[in-house]
Amino acid sequence: QVQLVESGGGLVQPGGSLRLSCAASGSIFSAYHMGWYRQTPGNQRELVATITRDGRINYADFVKGRFTISRDNAQNRVFLQMNGLKPEDTAVYYCTAALLFLNQPNYWGQGTQVTVSS
């Protein structure tokens with residue numbers, strides 16, 4: 001079992017930055033592929049970024065060049081640095097952990113709201 005707790009969401013103006021953090025507990029963090037997804041009302045959750053247990057990174061096209069995912073295995077944390085935020089980035093952001101398949105998370109956090117508005 002893995003417990004994931006996100007933090008760092010909030011209200012930011014267009015062009016601003018936020019750094020999301022996800023604290024993991026309950027299992028061997030370094031064994032998991034980690035990711036960030038987001039969801040807006042009425043829409044399915046969509047992949048934002050992933051980082052494998054050996055550090056390979058993948059981004060959705062809509063965040064490339066603006067968002068950076070990273071992990072700290074010593075702290076059992078994964079981060080999402082979001083720069084150049086746009087109103088369309090407004091969503092609930094979820095942290096995920098996958099043991100076997102990168103795009104099939106086994107565990108989800110409760111989500112943190114990010115609102116980009118002037």
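**Core**

Buried means under 20% relative accessible area, exposed over 50%, and partly exposed in between, with a 1.4 Å probe and protein chains only.

Strands (E, at least two residues) are DSSP runs numbered from the N terminus.

The model is predicted, so I note that local features need pLDDT of at least 70 and side-chain atom pairs count only at pLDDT 80 or more, while totals for chains, interfaces and linings use all residues. Residues are numbered from 1 along each chain as its sequence is written, and side-chain values use heavy atoms, with hydrogens and water left out.

**Tyr93**

I listed the contacts of Tyr93 (heavy atoms within 4.5 Å), leaving aside neighbours within four places in sequence. Tyr93 touches Glu6, Leu20, Trp36, Tyr37, Arg38, Val48, Phe67, Leu80, Met82, Gly111, Thr112 and Val114.

**Aromatic pairs**

I counted rings of Phe, Tyr and Trp (its six-membered ring) as paired if their centres lie within 6.5 Å; planes under 30 degrees apart are stacked, over 60 edge-to-face and the rest tilted. The count comes to three aromatic pairs.

The ring centres of Tyr32 and Tyr107 are 6.2 Å apart with planes at 65°, so I logged this pair as edge-to-face. Tyr32 is in the loop between S3 and S4 and Tyr107 in strand S10 (residues 107-108), so the pair ties together parts 75 residues apart in sequence. Tyr32 is buried, at 6% relative accessible area.

Tyr94 and Trp108 make another edge-to-face pair, 6.2 Å centre to centre with 75° between the planes. Tyr94 belongs to S9 and Trp108 to S10, and 14 residues separate them. I found Tyr94 buried at 10% relative accessibility, whereas Trp108 is partly exposed at 32%. Tyr37, Tyr94 and Trp108 form one aromatic cluster.

**Charges over rings**

My test was NZ of Lys or CZ of Arg within 6 Å of the ring centre and within 35 degrees of the ring normal. Arg45 lies over the face of Trp108, 4.5 Å from the ring centre. The charged end of Arg19 sits over the ring of Phe79, 4.0 Å from its centre.

**Strand pairing**

Two strands pair if DSSP finds at least two bridges between them. I found an open sheet of four strands in the order S1-S3-S8-S7, with antiparallel pairing. Its edge strands are S1 (3-7) and S7, each pairing on one side only. S3 and S8 pair over six bridges, and Leu18 stands opposite Met82 in S8.

I also followed S4 and S5, which are antiparallel over five bridges. Met34 has Ile51 in S5 as its bridge partner. These two strands form a hairpin with six residues between them, and Gly42 in the turn has a positive phi of about 85°.

S5 pairs in turn with S6 (residues 57-59), antiparallel over three bridges, with Ile51 opposite Ile57 in S6. Their hairpin has five residues between the strands, and there Gly55 takes a positive phi near 95°.
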